[in-house]
Amino acid sequence: MENTSKSNMQSARLLPFDPIVLVQDVLKRWLVVVLAALAVGIGTYIYTDATYAPVYRTTTTFVVTTRGSSTSVYSNLSSTSNLAGLFTELLNSSIMRKTILQETDISSFDGTIDTAVVPNTNLITMTVTDSDPRMAFLAAQAIIEHHESLTYQVIDDIGLEVLQYPAVPTSPTNQNFAFHQMKKAAVIAALAATALLAILSYLRDAVRSGTEAREKLDCSYLGEISHERKYKTVFALLRRKKTSILITNPVTSFRFVESIRKLRRRVEQHMDGGKVLMVTSLLENEGKSTVAVNLALAMEQKGKRVLLIDCDLRKPACGMVLGQSKFTYGLNDILGGKENLSECFLRYQNSDMYMLLAKRGEQNTGDLLISPRMNALLDWARECFDFIVLDLPPMSAASDAEGMADLADASLLVVRQNAAAAPALNNAVASLDGHKAKVLGCVLNNVYATQLSTGQSYGGYGKYSHYGHYGNYGSSGSRK
């Protein structure tokens, strides 16, 4: 099949894209990085602390002298150098360790005994190390008291006098680096998780640019709309006050307005005389409601008499985008049997754009949307309006779009940048293509674009149709 072969061919080749897309994708999954850092950090701390064995060390200093009155400093230094290695072997011998055990009245001594020469002196330092500070001290005392009986048999012409006696160590010589290791492991884990997410994001067969949309998707590409901030000022961000992303709003960027107008022109070119356009998406939160609303406004600005119908009866969003929260009747009432249609329609700011909104959420919407009443409503709308825009639920959440595809004249698929996988999008296109409504193509939405981007960028908007957990709505249509 041609579509399948095209999808397979494109999935086998990675296309270049703007690095900022990768950064944005990783930032969206920041919680994974944090959890990885916490898990690895805490695990490292527990392991390091559990395996930590403190080591205590006590030091004794001996003066090496040669027995006899005619000794010289040089002979003392020479004797010290010759004695260091031999003295270490003698102290670590089985005889000395047996003596230590007898003196300290313990069953075993696993500590270490080392000696070293102080450079250019006749001094030898003896270091006793053990995991028990008391044991290290007692072993050093036992060596001081009994070393002569052992060394005299081997080196009878050399004497050892204690210059500095040992002390009981109060703190271990090796620190517990559990906290330091925890921080180090957490940083490494965070970097590894970030790198893994970046690799997975790069390898994922999603649509990240206009070039990829043309290459990967089995439908026409109608343009792209870049990301636009929902909060225009820091004060608005702190107050969580979003700005309406509408082409009629003066603070909306010029790029966004031009992108919608360009989309309007391309939609008109592909409609082939049709009047009813349904707008949908594959996933939730792809911005389809904002596209539908602004496309309707753009059609009205060209002098057309436009009707916008919010067909997402589970989670209506057009009213929120337009700031229309107070209305009595809507599409639900018409489909439910209300005869007075004039009470259900709203007019947008004295323009020629009219709205048929949905106020409350519905669960079983499939039968309502394809009912004879809906068909009659669209037939009436075709007579009274120049252009009708239908905002449908996302295809992954409901089958309403497929049902309405037999009542509308054309369909438009909104694709958010780097969201849905290209094969899934092609399946959605194929599903729409099998119905009466002509698939005009797709528009790439919420594009983070820089000078490195491939494809064109015209503007942007934030997301207003917050789909989250689909269906958690009360009788008024507002989220609980």
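Phenylalanine 385 is buried, at a relative accessible area of 4%. Buried denotes under 20% relative accessible area, exposed over 50%, and partly exposed the range in between, with a 1.4 Å probe and protein chains only. The model is predicted, so local features require pLDDT of at least 70 and side-chain atom pairs pLDDT 80 or more, whereas totals for chains, interfaces and linings use all residues. Residues are numbered from 1 along each chain as its sequence is written, and side-chain values rest on heavy atoms, without hydrogens and water.

Phenylalanine 385 takes part in an aromatic cluster with Phe345, Tyr354 and Trp380. The search of the whole structure returned 3 aromatic pairs. One of them joins phenylalanine 345 to tryptophan 380 in a tilted arrangement, 5.4 Å centre to centre and with 45° between the planes. This pair bridges distant parts of the chain, 35 residues apart. Phenylalanine 345 sits in the loop between α13 (331-335) and β8 (346-347), and tryptophan 380 in helix α15 (residues 372-384). Tryptophan 380 is partly exposed, because its relative accessibility is 33%. Phenylalanine 345, at 15%, is buried. The rings of tryptophan 380 and phenylalanine 385 form an edge-to-face pair, because their planes stand at 75°; the centres are 6.0 Å apart. Rings of Phe, Tyr and Trp (its six-membered ring) pair if their centres lie within 6.5 Å; planes under 30 degrees apart are stacked, over 60 edge-to-face, and the rest tilted.

Strand β7 (residues 306-310) is largely enclosed by the rest of the structure, because 5 of its 5 residues are buried. Val306, Leu308 and Asp310 point one way from β7. Leu307 and Ile309 point the other way. In a regular strand, side chains alternate between the two faces of the sheet. β7 has parallel pairings with two strands, β9 (residues 353-356) and β10. The pairing with β9 comprises 4 bridges, and isoleucine 309 stands opposite leucine 356 there. The pairing with β10 comprises 5 bridges. Valine 306 has phenylalanine 387 of β10 as its bridge partner. Strands pair if DSSP finds at least two bridges between them.

Aspartate 400 lies in helix α16 (residues 400-404). Its relative accessibility is 4%, so aspartate 400 counts as buried. The side chain of aspartate 400 makes a polar contact of 3.0 Å with that of arginine 314. A polar contact is a pair of N or O atoms within 3.5 Å; within protein, one must be able to donate a hydrogen and the other to accept it, and residues adjacent in sequence count only if both atoms are side-chain atoms.

The chain as a whole contains 17 helices and 12 strands. These are DSSP runs numbered from the N terminus: helices are H or I of at least four residues, strands E of at least two. Of the 480 residues, 48% are buried. Contacts (heavy atoms within 4.5 Å) between residues at least 6 apart in sequence join residues at least 24 apart in 80% of cases.

The mean pLDDT (the predictor's confidence in each residue, from 0 to 100) is 80, and 79% of residues reach 70 or more. Helix α1 (residues 2-11) has the lowest mean, 47, and strand β10 (residues 387-391) the highest, 96. Over residues 4-12 pLDDT stays under 50, and the model has 9 contacts there beyond four places in sequence. Over residues 69-74 pLDDT also stays under 50, with 2 such contacts.
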